[in-house]
Amino acid sequence: MISVNQLVGVSLVYVAFLFAIAFFAERASVRGRGAWLRSPLVYTLSLSIYCTAWTFYGAVGYAARSGMEFVTIYLGPSLVMIGWWWVLRKLVRIGRAQRATSVADLISARYGKSNLLAIVVTLMAVVGVTPYIALQLQSVTLSLSIFSGPEVSESLTISTAFWVAFGLALFTVLFGTRNLNANERHDGVVIAIAVEAVVKLIALLAVGIFVVWGIAGGIAPMMERIDASPIGEWSMDRSRWVALTALSAAAFLALPRMFQVLVVENEDERHLQIASWAFPVYLMLMSLFVVPIAVIGLDIMPAGSNPDLFVLTVPLAEGQGGLATLSFLGGFSSATSMVIVATLALSTMVSNHVVMPVWLSTQAEGAQVSGDVRNVVILARRASILVIIGFGYIYYRLSGGGSALAAIGLISFAGVAQFLPAMLGGIFWRGATRWGALAGLTVGFAVWIFCSLLPSFGPDAVLSAEVFDNGIAGLGWLRPQALFGIEGIDPTVHAVVWSLTLNIGAFLGVSLLTFPTPLERLQGAQFVNVFDHSTQARGWDAALATSEDLMIMAQRILGPNDALSLFREEAQRQGLTGHLPEPTQGFLQTLERELAGSVGSATAHAMISQLVGGTSVSVEDLMAVADESAQILEYSNRLEAKSAELSRTARQLREANAKLTALSVQKDAFLGQISHELRTPMTSIRSFSEILRDTDGLDQAEKTKYASIIHGETIRLTRLLDDLLDLSVLENGQVSLNLDSGSLRDLLEQAVLSAGGDRSTHLTVKYARADTGVVLTTDLDRLRQVFINLITNAQKYCDASKPELSIDVIDMGARVQVVFHDNGTPIAAEARALIFEKFARINDKDGSGAGLGLAICREIMTRLGGDITHEPRPDGNAFVVHLPAQAALAAQ
Amino acid sequence: MSDASGKTSLFLERRSYRRRRMMDALRLLPVVGVLLWILPVFWPSANDAAGAPPPVAMSGAVTYVFVVWAGLILSGMGLWLALADPNGRIHKDPVSERDP
């Protein structure tokens with residue numbers, strides 16, 4: 001048998017070990033070597049504060065009394081974790097985005113940073129959780145008393161409870177308030193909790209393994225003993241099975257200490273994903289041996305022994321002192337880790353939402369008072385820790401450590417579950433309002449107190465038996481365990497169902513009826529649409545704040561160094577020298593967020609508004625909220641426009657590509673054609689020069705004939721090359737225009753003369769309406785070239801018996817057209833598209849043309865800013881020269 | 001799940017299709033858990049009135065609850081392994097990232 005002193009010694013060594021580990025973790029984290037402290041494993045283990053001493057000891061007692069019902073307490077959280085995608089993912093994201101420090105902070109931030117809500121939630125949390133802390137103290141003293149034997153003195157238990165409370169307060173103050181920013185991880189605390197998580201798991205598993213294999217002798221005999229035991233048959237209150245699973249799931253989300261480890265201490269969303277299956281593993285292992293221990297306990301322990309302590313008494317009865325000690329340490333770990341985190345979470349809430357606002361309002365100058373506020377905040381937090389643990393201790397003393405405490409676990413769960421509607425409603429429903437949340441919380445909490453908390457003390461303790469039987473003031477429908485006259489429901493289920501139903505009803509109803517403030521609507525949009533990466537709510541009219549004031553305030557909360565570096569960074573970002581940035585809206589939001597990490601969002605908001613002079617939600621902000629759907633529409637319209645633009649571009653690219661391909665084909669054709677054109681005269685030059693060289697006895701006439709053929713061919717070659725050169729110069733745009741003015745009539749006559757007039761050929765040239773005194777300002781030489789070309793073409797190709805060319809000038813005011821109309825055979829329709837292409841020759845009887853004339857004409861006209869087209873006429877061909885507009889304009 | 005962007009393409013590449021269905025499975029898992037764990041409500045109980053079927057044995061009940069538990073955990077772990085990229089983070093699909 002282990003003596004109490006030995007046990008106390010072991011506990012002290014264990015506590016010293018925890019202090020040391022927390023200390024070294026803090027040191028490592030300060031030196032930047034704390035990466036391992038932020039592993040998913042540590043995160044998962046830190047979640048284990050869900051398993052308190054109530055579950056460590058109580059689960060076995062629960063199983064011994066009610067069979068498998070105990071497992072519902074673990075099933076709910078398992079479902080929440082496995083379904084992390086639905087709620088936890090969003091909660092963690094919002095918590096991180098808003099830098100929420102507690103449940104109260106989250107709810108207050110959602111509903112327009114309302115401090116009233118924060119205070120209500122804080123008070124409810126304190127009322128709901130303090131008895132739970134008392135329960136932990138009770139479990140430690142109770143387990144210690146097992147070792148001290150029956151002669152346990154009253155003073156021993158009292159002093160044990162006191163020293164445990166004192167030690168816990170010391171630890172929490174030391175490691176929980178090292179940094180002010182509640183968003184910074186408490187590495188020391190977290191690592192200590194992780195170690196305790198391992199200890200309690202090992203302890204319970206060790207007892208379980210000892211029971212199954214050491215006492216029962218294996219799994220199969222164990223199963224037989226289970227079936228043969230008093231709890232060997234499935235006896236389940238069905239409504240309790242469902243209600244308790246739901247309740248534990250709700251409490252898992254809403255418990256302040258769970259929020260602390262799940263959201264506030266969360267470093268990385270990835271950890272949540274891993275914990276989503278790893279934490280259910282932990283819970284499963286924790287409950288794996290509960291039923292076997294309960295069954296063996298019922299079997300071997302004398303009747304009337306407390307089943308809540310089977311985890312300790314069974315090993316002791318079997319003479320396993322070491323195992324019992326380990327088990328004691330497990331229970332001790334469960335109790336202490338829960339108290340530490342719960343106190344930490346509550347103290348943050350109390351100091352941020354109750355103490356700080358009160359303190360600020362008592363300061364005459366408000367936030368502008370000089371001095372370091374950090375000391376005040378830290379002091380407030382430490383005082384809150386002492387007060388909360390003190391409350392727990394007092395509650396324990398007052399309740400006398402009786403059995404009333406044992407029921408407090410579920411009662412506490414039902415109390416904090418009242419936060420859930422406001423919380424979930426806030427993150428999933430934009431329509432939830434501050435008054436709705438307040439109404440839901442108050443109604444739910446009131447029902448909880450009346451139906452769950454007060455009756456738990458028993459008849460005639462707080463509520464008289466008269467009230468139990470006949471309701472308040474004799475109103476039968478106001479009985480604490482039969483509201484609205486519905487009897488026969490299990491009291492716990494009754495309280496849970498009614499409190500949550502009325503809570504949700506009030507929350508929804510009042511939310512539907514009231515209208516949210518602008519800030520609420522902004523925050524609501526941010527919470528609900530947290531995954532849309534929406535921009536921060538703008539809330540400050542920055543012009544009113546001066547950087548100096550802000551700096552002074554920030555220094556007092558963040559500390560001089562942090563504040564200075566924050567301001568300097570911002571100044572650098574704004575491109576300013578020095579350390580004072582412009583108080584832009586963006587900067588004020590950043591600052592508020594930073595402050596919120598230390599003192600909570602409501603207080604931070606209040607402090608900044610004291611300096612800035614009130615929130616100004618701009619019209620644009622409201623428009624942004626109201627027009628969100630319009631924005632989405634606009635966005636999709638923009639997308640559509642973009643995609644249309646893209647397809648347009650793609651089409652253009654396709655066209656350009658087709659054109660390039662065609663050009664490439666054209667170029668190849670052009671090269672082929674040009675070599676062909678060059679080769680033909682070359683061939684005849686070569687053959688005739690060979691004849692001249694090699695054939696003897698050529699007479700002079702023949703020689704002259706051959707030489708003139710060679711000469712003719714060279715002239716043709718030269719002309720071809722000249723034309724090519726001309727075309728290339730024109731096409732490359734290298735031609736320079738010699739602008740000159742002259743009468744169109746003169747130009748035409750010169751062209752006819754240059755082409756040989758009607759003397760050289762049979763072509764009759766007639767002028768119709770050519771007497772208009774049109775004066776042109778353009779490159780007259782080039783234009784003449786076009787005219788000459790058209791006239792010679794008519795000379796060459798007009799195949800009428802009496803060839804005629806009529807030149808008509810059509811003066812349309814701004815534009816002038818010159819029509820060259822011959823009476824030859826009209827060009828075939830299929831050839832018309834080709835006549836302006838290079839080397840296109842139609843009706844070329846003697847092959848003297850190179851096929852470049854019209855191509856050159858068109859190039860020239862394009863250069864001059866005009867055009868040349870072909871119009872088929874029934875009695876011949878008409879080439880229309882469209883003179884450039886400005887040239888004709890100048891002629892007016 | 002909502003394809004909030006409206007005009008997403010109708011057909012996905014096979015891999016991303018698989019991925020989305022696995023995300024669906026992940027979201028469905030708690031529902032399966034609730035259904036399986038609510039089943040004990042319908043088991044005959046020792047509290048039932050006389051003449052009811054004999055109650056389920058405790059060993060069977062314990063086995064059932066824990067087998068379901070292990071199944072859920074393994075499914076969750078399997079889906080996490082299948083969905084997580086080398087950094088261990090479940091891929092953020094821009095569409096499914098939006099809340100349903």
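Two strands count as paired if DSSP finds at least two bridges between them. Strands (E, at least two residues) and helices (H or I, at least four) are DSSP runs numbered from the N terminus. This is a predicted model, in which local features need pLDDT of at least 70 and side-chain atom pairs count only at pLDDT 80 or more, while totals for chains, interfaces and linings use all residues. Residues are numbered from 1 along each chain as its sequence is written, and chains are lettered from A and ligands numbered from 1 in the order in which they are written.

**Exercise 1. Trace the open sheet of chain A that contains β6 and give its strand order.**

Step 1. Begin with the bridge partner of A:S806, which is A:H821 in β7(A). The strands β6(A) and β7(A) (residues 816-822) pair in the antiparallel sense over seven bridges.

Step 2. Turn to β4(A) (residues 764-768), which runs parallel to β6(A) (residues 804-811) and is joined to it by five bridges. Here A:V765 stands opposite A:L805 of β6(A).

Step 3. The edge strands are β4 and β8 (867-873) of chain A, each of which pairs on one side only. Neighbouring strands of this sheet are turned by 20° against each other on average, direction ignored; axes are lines fitted to C-alpha atoms, for helices over the stretch in contact, and angles in general run from 0 to 180 degrees between N-to-C directions.

Step 4. Place the helix: α34(A) (residues 780-797) lies across β6, β7, β8 and β9 of chain A and runs at about 20° to β7(A).

**Exercise 2. Describe how α13(A) packs against α17(A) and against α6(A).**

Step 1. The axes of α13(A) (residues 256-264) and α17(A) (residues 321-362) come within 8 Å and cross at roughly 90°. That makes α13(A) roughly perpendicular to α17(A); angles of 65 to 115 degrees count as roughly perpendicular, under 35 as roughly parallel, over 145 as roughly antiparallel, and the rest as oblique.

Step 2. Residues are in contact if their C-beta atoms, placed from the backbone, lie within 7 Å. On α13(A) the contact involves A:P256, A:R257, A:F259, A:Q260 and A:V261, and on α17(A) A:M338, A:V341, A:A342, A:L344, A:A345, A:L346 and A:M349. By class, this contact of α13(A) with α17(A) has 10 nonpolar, one polar and one charged residues. Ala, Val, Leu, Ile, Met, Phe, Trp, Tyr, Cys and Pro count as nonpolar, Asp, Glu, Lys and Arg as charged, and the others, Gly among them, as polar.

Step 3. The axes of α6(A) (residues 88-97) and α13(A) come within 9 Å and cross at roughly 80°. The two helices α6(A) and α13(A) are therefore roughly perpendicular to each other. A:L88, A:L91, A:V92 and A:G95 of α6(A) meet A:L262, A:V263 and A:V264 of α13(A). The contact of α6(A) with α13(A) has six nonpolar, one polar and no charged residues.

**Exercise 3. Characterise the side of chain A that touches chain B.**

Step 1. The contact takes 37 residues from chain A and 36 residues from chain B.

Step 2. In chain A, α5 (72-82), α11 (219-228), α12 (238-254) and α14 (269-288) each supply at least two residues of this side. The most comes from α14(A), with nine residues.

Step 3. The residues of this side of chain A divide into 22 nonpolar, nine polar and six charged.

**Exercise 4. Determine whether A:K113 and A:T590 are buried, partly exposed or exposed.**

Step 1. A residue is buried if 20 or more other C-beta atoms, placed from the backbone, lie within 10 Å of its own, exposed if 12 or fewer, and partly exposed in between.

Step 2. A:K113 has 29 C-beta neighbours inside 10 Å and therefore counts as buried. A:K113 sits in the loop between α7 (103-110) and α8 (115-148) of chain A, and its phi is positive, about 55°, although A:K113 is not a glycine.

Step 3. A:T590 has 17 such neighbours and so counts as partly exposed. A:T590 lies in α27(A) (residues 585-599).

How values were computed:
Two residues are in contact if their C-beta atoms, placed from the backbone, lie within 7 Å.
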